[in-house]
Amino acid sequence: MERWQGKVAIVTGASSGIGAATVQELTKAGLVTIGLARRVEQVEALKANLPVEAVARLHAYKCDVSKEKDILEAFKFVENTFGGVDVLVNNAGVYQKVGLFENGNTAALRQSLDVNVLGLTLCSREAFFSMQKRGVAGHIIHINSIEGHYVPCYPGANLYPASKFAVTAITETMRNELRNSGTKIKVTSISPGFVRTPMVDLCDVYANTETSTMPMLHPEDIAHGILYALGTPPHVQVHELIIKPVGEPV
């Protein structure tokens, strides 16, 4: 991780769960880290968990990745303040327990695509522009899901698995475009199994994450997977990293 010391990372969906764990681990690893979230006060609160010398490296910026205007403003802020981005972690994601055939479900379905697919793509585009302009061999990481590789059966899955399958395809499309453009920018998809986060609480079949006996990962486990992918030598690219808890039945 030495080559990333002092470099700039952006993490979307940084207010809780995997995003919160990731901004803390990147900051402790020496990166200047900007956590994008709608609830910026929760990102600011993470400073209380950091070593004293790392606190100044964590910055919060209000951004809703379902809105292109917010994304453009966030990346402009990073360019103007820190010079540009070297690492992007596309963590922001949304799941709403809504059936595909429910009345009045259009807004929920659209949000799944706006956040999980389009937001990820637009953030990656802006990160690419920043890296290419400065000749940076940066790294784009997508927090995907095991549901980007198979479709489980649980109530209200709606477009969530479809959006994660899209992330799997988008990752490979990006890899091709990055290679064809002659850059050394890496792109990695990280697909967790079940993680003890508020999103899993929405799935009734798994009950509350605090009381469920289902094997689950912790957000820090995924953050450590991100550090692993980032820590590979410049000639090594992790294409897909699937991380599951021991004993997960699916």
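This is a predicted model: local features need pLDDT of at least 70, side-chain atom pairs count only at pLDDT 80 or more; totals for chains, interfaces and linings use all residues.
## Helix 1 against helix 7

Start with helix 1, which spans residues 17-28. Its partner here is helix 7, residues 219-230. The two axes come within 8 Å. They cross at roughly 50°. Angles under 35 degrees count as roughly parallel, and 65 to 115 as roughly perpendicular. Helix 1 and helix 7 are therefore oblique to each other. The crossing is right-handed.

Which residues meet? Helix 1 supplies G17, I18, A21, T22, E25 and L26. Helix 7 supplies P219, E220, I222, A223, H224, I226, L227 and L230. By class, the contact of helix 1 with helix 7 has 9 nonpolar residues, 3 polar ones and 2 charged ones.

## Helix 3 against helix 4

Now turn to helix 3, residues 68-82, and helix 4. Helix 4 covers 106-134. The axes of helix 3 and helix 4 come within 10 Å and cross at roughly 25°. Angles under 35 degrees count as roughly parallel. Helix 3 and helix 4 are therefore roughly parallel to each other. This crossing is right-handed.

On the helix 3 side, the contact is made by E68, I71, L72, F75 and E79. On the helix 4 side, it is made by G119, L122, C123, R125, E126, A127 and K133. In the contact of helix 3 with helix 4, 6 residues are nonpolar, 1 is polar and 5 are charged.

N91 sits in the loop between strand 4 (87-90) and helix 4. Is N91 buried or exposed? Its relative accessible area is 12%. Buried means under 20%, so N91 is buried.

Beyond residues up to four places away in sequence, N91 touches V11, T12, G13, I18, G19 and I143. One of these, I18, also takes part in the contact of helix 1 with helix 7. With G13 there is a polar detail. A polar atom of the N91 side chain lies 2.9 Å from the backbone oxygen of G13. L217 is 126 residues from N91 along the chain, and their C-alpha atoms are separated by 16 Å.

## H142, inside strand 5

H142 belongs to strand 5, residues 139-143. Its relative accessible area is 0%, so H142 is buried.

What does H142 touch, not counting residues up to four places away in sequence? The list runs N90, L120, S124, V167, T171, M174, V187, T188, S189 and I190. Two of these, L120 and S124, fall within the 106-134 range of helix 4.

N158 is in the loop between strand 5 and helix 5 (160-180). At 13% relative accessibility, N158 counts as buried.

The backbone here calls for a second look. Most residues other than glycine have a negative phi. N158 is not a glycine, yet its phi is positive, at about 40°.

G30 lies in the loop between helix 1 and strand 2 (32-37). Its relative accessibility is 8%, so G30 counts as buried.

Which residues are in contact with G30, leaving aside its neighbours within four places in sequence? They are W4, Q5, G6 and R57. R3 is 27 residues from G30 along the chain. The C-alpha atoms of G30 and R3 are separated by 9.8 Å.

Conventions: Residues are numbered from 1 along each chain as its sequence is written. Side-chain values use heavy atoms; hydrogens and water are left out. Axes are lines fitted to C-alpha atoms, for helices over the stretch in contact, and angles run from 0 to 180 degrees between N-to-C directions. Helices (H or I, at least four residues) and strands (E, at least two) are DSSP runs, numbered from the N terminus. Angles under 35 degrees count as roughly parallel, over 145 as roughly antiparallel, 65 to 115 as roughly perpendicular and the rest as oblique. A crossing is left-handed if the near helix is turned anticlockwise from the far one by less than a right angle, and right-handed if clockwise. Contact means heavy atoms within 4.5 Å. Ala, Val, Leu, Ile, Met, Phe, Trp, Tyr, Cys and Pro count as nonpolar, Asp, Glu, Lys and Arg as charged, and the others, Gly among them, as polar. Buried means under 20% relative accessible area, exposed over 50%, partly exposed in between (1.4 Å probe, protein chains only). A polar contact is a pair of N or O atoms within 3.5 Å; within protein, one must be able to donate a hydrogen and the other to accept it, and residues adjacent in sequence count only if both atoms are side-chain atoms.
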